Amino acid sequence: MAKVPKPEELSKIDYKPSKKRWMDTPVEFKEGMFCHGTRAKYLETVGFPNPREWSSKDEDWKLPENWKEIVLEAIKERLGKYRSFRLFMDICVRCGACADKCQFFLGTGDPRNMPVLRAELMRSVYRRYFTAPGKIMGRLAGGRELTYDVLKEWWYYFYQCSECRRCSVFCPYGIDQAEITMIGREILNLLGLNTDWIAGPVANCYAKGNHLGLEPHTIKSNIEFMLDDIETITGIRIEPTFNRKGAEILFVTPSGDLFGDPGTYTCMGYLMLFHELGLDYTWSTYASEGGNFGFFTSMEMAKRLNAKIYAEAKRLGVKWILGGECGHMWRVINQYMDTWNGPADFLEVPVSPITGSRFDNARATRMVHVAEFTADLIKQGKLKLDPTRNDHLKVTFHDSCNTARGMGIFEEPRYIIKNVCNHFYEMPEDTIREKTFCCGSGAGLNAGENMELRMRGGFPRANAVNYVHQRYGVNMLANICAIDRAALPTLMDYWVPGVKVTGVHELVANALVMKGEKERTQDLRLEPLPGKEGAENV
Amino acid sequence: MGALFSFVAVILLILLAYVGVEVAGMQPIFGIVIPYAAVLTFIAGVIYRVIKWGRSPIPFHIPTTCGQQKSLPWIKQNKLENPSSSTGVIGRMALEVFLFRSLFRLSKSELRDGRLAYGSDKWLWLAGMAFHWSFLIVLLRHIRFFATPVPSYLNLLESLDGFLQVGVPRLFMTGIILLLAVTYLLLRRFYIPQVRYISLTSDYIPLFLIMAVASTGILMRYFFKVDIVGVKELTMGLVSFNPTIPKGIGVIFYIHIFLISILFAYFPFSKLVHMGGVFLSPTRNLANNSRMVRHINPWNYPVKFHSYEEYEEEFRKKMKDAGIPVEKE
Amino acid sequence: MYDGGKILFGILIFLAFVTFPFYNDIGKANVKPEPKIDTPEIQKLPQKKCVEPKAFMKAEHMKLLNEWRDSAVRDGNRVYVASDGKRYIISLQNTCMRCHSNKKEFCDKCHNYAEVNPYCWDCHIAPKEAKIAPKEAKNEY
């Protein structure tokens with residue numbers, strides 16, 4: 001892992017671009033800012049082009065002879081397939097509204113990380129090969145030759161974008177750099193240019209059902225570890241089911257929740273909540289991934305991975321699907337799943353068996369977000385909660401980019417948190433809700449070798465957390481995203497030591513008073529509950 | 001360099017019109033042929049562009065949601081920033097097109113002692129609004145050259161625009177605002193380092209061109225007066241397809257109409273098409289209802305995915321050992 | 001999803017706007033206004049000329065009138081020395097309109113054609129014959 005400079009050094013950022021024009025400034029690959037190139041075996045698993053051993057640090061990336069043709073042909077094809085792409089290539093006026101809206105620009109000061117310029121990397125090639133002025137006048141019309149260096153530049157910068165869509169909130173025409181990045185990455189994938197950190201999970205998910213490559217028995221045993229902990233904490237033994245036919249609900253969550261803190265605590269939260277409700281639900285080891293790294297690869301790959309959820313729901317004969325806390329998973333479910341793999345006519349419109357509420361907003365997709373589900377439970381008074389158990393926590397909430405700008409789930413998690421915690425503080429207005437900053441590690445950037453990039457990209461988020469940390473003593477950063485739970489702890493340790501990270505359902509389960517539970521002295525992390533230390537049952 | 005090139009190009013255009021009319025006496029070319037060609041290019045070009053966009057489908061439903069979604073009945077949805085109905089979308093688009101909603105969000109970030117601070121920054125919004133609205137009013141005011149009798153709403157527009165009653169002919173505020181706004185938009189390209197860095201030649205051309213159009217218009221109205229009746233005779237001739245060149249119209253008029261013609265003809269091939277494009281932007285003009293209504297991707301095709309059967313085939317023993325139910329024992 | 005219908009509708013609206021000047025003027029005669037100077041007063045003049053040369057008057061009369069107003073109303077000076085040295089009394093009604101007594105046939109001809117709405121008649125009383133002119137009634141400001 002590359003050494004990351006100290007926070008004091010990293011936070012000295014120069015936003016002033018050089019005098020030299022960007023087309024004349026060659027790209028320098030900086031250690032710590034990019035990922036390893038993908039291994040051949042991952043590409044082979046999913047049948048992707050050009051599998052070979054290569055390194056992103058090498059001069060020669062071992063591209064096929066006709067790489068240029070492939071790229072231009074791919075651009076042409078996508079111009080015809082995506083109105084967004086064609087339009088966004090044409091209508092940017094370079095007003096600069098987006099320039100300082102990207103966390104990667106704010107964290108690096110690298111002008112190519114301004115969304116407008118990241119888009120221009122592609123647009124310049126588009127102009128040169130696909131517009132009349134560009135074909136005739138070339139550079140004068142903003143056109144640029146597609147060269148090997150341009151390709152490398154694309155790779156470097158399209159993997160410095162977390163597809164968070166923050167730029168598109170401020171753009172007067174709604175130009176969404178995520179769309180351009182996604183198409184850029186899709187094109188790069190035609191040449192076998194992916195990162196190991198993305199291609200690995202994709203291959204795992206394809207073959208084994210989840211990004212982490214957990215096999216069925218491992219999923220079960222991981223959950224059993226959690227059940228042991230739950231028994232220690234509550235005295236209650238929970239017995240969830242796996243791949244059970246005839247269950248009412250299929251529960252799908254990102255596999256990150258099955259493995260590694262603090263995601264596992266969130267997972268324990270689901271288990272405890274569903275047990276307390278007596279919910280007729282099942283886990284699946286086959287569709288054991290809510291997240292979708294295929295989405296960071298190509299639309300087709302994303303669809304191939306996503307297909308399993310409906311396929312499994314159909315096989316098990318469930319009535320509807322409940323989805324766990326995850327960011328890009330929910331952008332995919334909200335905006336893509338039904339279009340790709342629907343119609344879900346074998347399912348029913350979701351109705352909460354506990355409250356009888358009908359989730360009309362999910363009447364086509366038939367998949368409900370667990371925060372919607374739980375908010376409804378609390379509103380209908382179905383949960384007995386003791387928020388004082390979270391009194392040692394001062395909580396703030398980080399809106400994940402995808403659920404914020406690709407869905408708009410803002411109030412549900414806040415409503416839950418306010419009901420299970422007594423101390424909740426919002427971060428500054430410019431950093432939450434639709435203007436939220438990315439954790440800096442989204443869209444497949446949460447590898448180890450690009451740690452400096454992640455710390456830089458997460459700087460604006462950390463900076464806002466630090467604000468409430470100093471002002472209100474906030475010590476817990478809640479979120480509804482598995483990548484956040486994986487990435488933010490590192491970010492907090494680096495920028496704001498003393499702030500821990502949690503999923504919303506961990507907080508729920510901490511406050512949840514369960515039937516027949518013993519008096520709790522520990523929270524879900526097996527840490528003593530303040531004020532309850534002496535009350536331990538012997 | 002882009003700025004200099006654009007500036008010189010516009011100066012050359014002015015000279016071209018000047019020489020063409022004053023020296024070569026090519027009034028019919030500059031007053032009739034070029035304006036006709038420009039308008040034709042403009043109309044055909046814009047339609048071509050829009051149709052070209054329209055021929056690419058919207059495969060996925062990708063609105064950028066900027067407010068609370070519609071979910072549980074007791075949670076207040078933000079119907080304008082995250083619409084789930086057509087009415088909401090129309091409202092959102094209207095805010096965007098008429099009031100530049102997104103630009104209004106603009107903030108400025110500043111790094112002080114390792115901390116980021118955000119402050120409101122409405123200058124670009126203000127200049128953008130001033131520029132586009134005054135341009136529109138100026139354009140509408142020109143209808144008086146293309147209609148007899150002039151529609152009555154134009155009287156109202158002119159009286160509002162000239163309500164200061166300064167000078168003779170009465171000063172129209174929009175002309176001045178237009179010129180000021182376009183100057184601001186140009187200056188920010190010079191002085192804001194990031195904006196300067198991203199600016200291309202094609203960003204400067206329209207600015208200088210519009211500046212020249214506005215300046216010649218203002219000069220003509222207040223300083224180098226031309227025979228206005230003659231001008232109207234010419235413009236009416238154009239729109240009634242009976243083109244004539246009345247004698248004695250000052251050269252500044254021909255420069256003005258030539259620059260406008262260039263602007264119109266340039267429009268469809270430049271970033272100026274954002275005028276039409278904003279209406280088609282899928283991150284703005286779609287309702288966030290994709291969990292309620294199924295959307296069809298016209299090029300959707302079946303894909304190969306790892307089926308459950310293949311999965312069980314591979315893991316059957318492990319599944320059985322772990323007590324996970326299987327299809328085939 | 002293409003939304004072809006909506007796009008075509010948008011194109012039609014665009015066309016309706018940009019081609020307005022063309023279809024609005026179809027079949028309308030484009031008659032150039034000919035302001036009349038055949039009033040009895042002018043007929044009586046030995047030399048038919050205004051206070052300044054015709055070209056100047058055509059382009060700058062509004063400016064001249066404005067100067068006259070300022071000179072008479074603000075400075076109390078009611079004498080105008082023309083470029084040829086001749087002196088005139090500064091008065092819209094008694095100097096200008098004495099010759100051009102046909103506002104409807106003279107002033108309004110061009111003003112209406114070019115949609116110019118001078119505010120002379122906000123204060124001054126227009127010659128009687130003009131009162132019936134429909135256009136005049138609109139010049140309220």
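**Exercise 1. Find what share of the contacts in chain B, between residues at least 6 apart in sequence, join residues at least 24 apart.**

Step 1: Start with the term: two residues are in contact if their C-beta atoms, placed from the backbone, lie within 7 Å.
Step 2: Keep the contacts in chain B between residues at least 6 apart in sequence; 64% of these join residues at least 24 apart.

A word on the model before you go on. This is a predicted model, where local features need pLDDT of at least 70 and side-chain atom pairs count only at pLDDT 80 or more, while totals for chains, interfaces and linings use all residues. Residues are numbered from 1 along each chain as its sequence is written, and chains are lettered from A and ligands numbered from 1 in the order in which they are written.

**Exercise 2. Describe the make-up and the spread of chain B.**

Step 1: Count the elements, where helices (H or I, at least four residues) and strands (E, at least two) are DSSP runs, numbered from the N terminus. Chain B has 13 helices and two strands.
Step 2: Look at the spread. Chain B has a radius of gyration (taken over C-alpha atoms) of 28 Å, well over the 20 Å that the globule rule (2.2 Å times the number of residues to the power 0.38) gives for 329 residues, so chain B is more spread out than a compact globule.

**Exercise 3. Work out how helices α1(B) and α2(B) cross.**

Step 1: Two packed helices are described by the angle between their axes and the distance between the axes.
Step 2: Here axes are lines fitted to C-alpha atoms, for helices over the stretch in contact, and angles run from 0 to 180 degrees between N-to-C directions. The axes of α1 (residues 2–23) of chain B and α2(B) come within 7 Å and cross at roughly 120°.
Step 3: That makes α1(B) oblique to α2(B), since angles under 35 degrees count as roughly parallel, over 145 as roughly antiparallel, 65 to 115 as roughly perpendicular and the rest as oblique.
Step 4: Now find the residues: B:Ala17, B:Gly20 and B:Val21 in α1(B) meet B:Gln27, B:Ile29 and B:Phe30 in α2(B).
Step 5: Sort them by class: four are nonpolar, two polar and none charged. Ala, Val, Leu, Ile, Met, Phe, Trp, Tyr, Cys and Pro count as nonpolar, Asp, Glu, Lys and Arg as charged, and the others, Gly among them, as polar.

**Exercise 4. Describe the side of chain B that touches chain C.**

Step 1: The contact takes 32 residues from chain B and 29 residues from chain C.
Step 2: α2 (27–55), α6 (153–161) and α10 (228–239) of chain B each supply at least two residues of this side.
Step 3: α10(B) gives the most, with seven residues.
Step 4: By class, this side of chain B has 19 nonpolar, eight polar and five charged residues.
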